[in-house]
Amino acid sequence: MIRIDRAAWEEMVRHAEAAFPKECCGIMIGTEANGSRQVSVAVPCKNAYDGDQKDRFHIDPRDQLAADRKARESGLAVLGFFHSHPNEDSYFSSTDLKFSWPWYSNVVMSVRDGAFSHAKSFIANDDQTAAEPEELHY
Amino acid sequence: MAKVLIPTPLRQYADKKDSVDVTGATVGEVLSSLTTQYPDLKKNLYTDEGKLRSFVNVYVNDEDIRYLSKDATALKDADTVTIVPSIAGGF
C-alpha cells in the first residue's frame with residue numbers, strides 16, 4: 001500500500017498536466033515499513049527520452065542521483081517513480097515493465113486533454129515478468 | 001575504502017544496509033568485493049557472462065563510469081560509488 005501526502009500529490013498532478021501531451025516523469029521519496037509506503041516528497045524530473053515523448057519517458061540517472069542524495073540527507077528513501085499516460089488509461093504497459101525495477105512503486109497517471117483523470121500504482125515482480133497493482137491513496 | 005550507496009530495491013540483499021564500505025582500487029574491485037560479501041546482489045548487478053547489466057548505472061561521485069574508465073575506474077579513499085537503477089517506460 002502506498003499513500004502520497006497532499007503536497008507531493010499536488011506536485012505530481014501539476015507536473016503531469018504541464019507536460020501534456022507529453023509524458024511526464026518523476027521520483028517519489030518517503031518512508032517504508034512492513035510494506036506500507038508513505039510518500040512525502042515528489043521530485044518532478046525532465047523527461048530525458050531522446051525521441052517522441054508522447055508515449056515514452058526516461059529518467060535522467062543524474063536526477064536520480066540527486067534525489068537519492070536528497071532522500072538520504074533527510075533520512076528518507078526513494079520509494080519509486082511516477083509517470084503519465086497522455087490520453088491513455090493508467091495501466092502498466094509492457095514497456096513500463098521492461099524498463100522498470102522490482103520493488104519500486106510505479107504510479108501511472110492518466111491525463112485526458114490536459115487534465116488529470118485517474119492513477120494506479122504497480123510493483124514489478126523480482127524477475128520482471130509481471131507487475132501487481134498496489135493499493136494507492138492520494 | 002570506498003563507500004557504496006545501495007538503492008532501496010537492493011538493500012534486502014545487503015542485510016538491509018543503505019551503504020557499505022568496501023576496499024578496492026577500482027570500481028570493478030569494489031563491486032567484486034561487494035558481491036562476494038553479499039552474493040545475492042550479483043544477479044541483480046551482473047549478467048551470467050559477468051558484465052554489468054545495461055539497466056544498472058554506476059556513478060563515482062558525480063560521474064557515470066561509462067564516461068570514465070568503466071570497471072577500471074580508479075578510486076581514491078572517500079570516493080562514493082552509487083548504484084543507480086535505469087528507469088524508463090511508455091505505452
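Good morning. I begin with helix α1 of chain B: among the elements that cover its buried residues are β1 (2-5), β2 (19-22), α2 (42-45), β3 (56-60) and β5 (80-85) of chain B. A residue is called buried if 20 or more other C-beta atoms lie within 10 Å of its own, exposed if 12 or fewer, and partly exposed in between, with C-beta atoms placed from the backbone. Helices (H or I, at least four residues) and strands (E, at least two) are DSSP runs, numbered from the N terminus.

This is a predicted model, in which local features need pLDDT of at least 70 and side-chain atom pairs count only at pLDDT 80 or more, while totals for chains, interfaces and linings use all residues. Residues are numbered from 1 along each chain as its sequence is written, and chains are lettered from A and ligands numbered from 1 in the order in which they are written. The pLDDT is the predictor's confidence in each residue, from 0 to 100; chain B averages 95, and 100% of the residues score at least 70. For the complex, the predictor gives an ipTM of 0.94 and a pTM of 0.97.

To return to α1 of chain B, which covers residues 27-37: the buried residues are B:Val27, B:Val30, B:Leu31 and B:Leu34. Seen down the helix axis, these residues fall within an arc of 95°, so they line one face of the helix. The arc is that of the directions from the helix axis to the C-beta atoms. In general, an α-helix has 3.6 residues a turn, so residues three or four places apart point the same way.

I turn now to chain A. Chain A contains three helices and nine strands, in the order β-α-β-β-β-α-β-α-β-β-β-β along the sequence. The radius of gyration is 14 Å, close to the 14 Å that the globule rule gives for 138 residues, so chain A is as compact as a globular protein of that length. This radius is taken over C-alpha atoms, and the rule is 2.2 Å times the number of residues to the power 0.38. Along its principal axes the C-alpha trace spans about 35 × 30 × 25 Å. Of the 138 residues in chain A, 42% are buried.

How do the two chains meet? Contact means that the C-beta atoms of two residues, placed from the backbone, lie within 7 Å. By that criterion, 16 residues of chain B are in contact with 27 residues of chain A. On the chain B side, β3, β5 and β6 (88-90) each supply at least two residues. That side has nine nonpolar, six polar and one charged residues. Here Ala, Val, Leu, Ile, Met, Phe, Trp, Tyr, Cys and Pro count as nonpolar, Asp, Glu, Lys and Arg as charged, and the others, Gly among them, as polar. Strand β4 of chain A (residues 56-58) pairs with β6 of chain B in the antiparallel sense over three bridges, where pairing requires at least two DSSP bridges. Within β6 of chain B, B:Gly89 stands opposite A:Phe57.

Finally, two residues of chain A. Where does A:Tyr104 lie? A:Tyr104 is in the loop between α3 (94-98) and β6 (105-112) of chain A, and is buried, with 21 other C-beta atoms within 10 Å. Leaving aside residues up to four places away in sequence, A:Tyr104 touches A:Leu79, A:Gly80, A:Phe81 and B:Pro9. A:Asp63, in helix α2 (residues 61-73) of chain A, counts as partly exposed, with 19 C-beta neighbours inside 10 Å.
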